[in-house]
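Hi there,

Here is the structure I promised to pass on to you. Have a look at it first, and then read my notes below.

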Amino acid sequence: MNQLHELLNEALLSTKHVQHCAIIRVKDASLRASSVGLSLDTTQINRFVMAVKDPATSREEGLVYDGKKYKVVRADKQSVYAKYGKEGIIISITANLMVLSVYNESMHPSICVEATEKLGEYFREKDR
């Protein structure tokens, strides 16, 4: 297991309030690490990258993930938050990476947000 996978496990999955997570490099839309069970194809990764690069459009059009259209409730230069019922997506944006977390209806969104943003801040401090 590489260092990024370990970070995902220790910082996000261990909270039990993150169902799936990934680290994506923004400039080339490449998947650097992901949790077991998360399947992201190129089209889906590009949707996340576009949500980060064009937050205004994301707020207007929403974000499609896993066949569902999520309503974007926050989109700025550091974060994108999207909801579909009681499910959600949290993206924390750094200089080169995005930390993506997905939570389901049995999880507390606030814990998912806190853990995801904390890992994003860790990468910002490392200038990554």
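Is tyrosine 65 buried or exposed? With a relative accessibility of 8%, tyrosine 65 counts as buried, since buried means under 20% relative accessible area, exposed over 50% and partly exposed in between, using a 1.4 Å probe and protein chains only.

Before going on, please note that this is a predicted model, where local features need pLDDT of at least 70 and side-chain atom pairs count only at pLDDT 80 or more, while totals for chains, interfaces and linings use all residues. Residues are numbered from 1 along each chain as its sequence is written, and side-chain values use heavy atoms, leaving out hydrogens and water.

Now for the rings. There are four aromatic pairs in the structure (rings of Phe, Tyr and Trp, the last by its six-membered ring, pair if their centres lie within 6.5 Å; planes under 30 degrees apart count as stacked, over 60 as edge-to-face and the rest as tilted). One of them joins phenylalanine 48 and tyrosine 65: the planes are at 40° and the centres 5.9 Å apart, so this pair is tilted. Phenylalanine 48 belongs to helix 2 and tyrosine 65 to strand 3 (residues 63-65), so the pair ties together parts that are 17 residues apart in sequence. Helices (H or I, at least four residues) and strands (E, at least two) are DSSP runs, numbered from the N terminus. Phenylalanine 48 is buried too, at 0% relative accessibility.

Tyrosine 65 also pairs with tyrosine 70, again tilted, with 6.1 Å between centres and 55° between planes. Tyrosine 70 is buried at 1%. Phe48, Tyr65, Tyr70 and Tyr84 make up one aromatic cluster.

Happy exploring!
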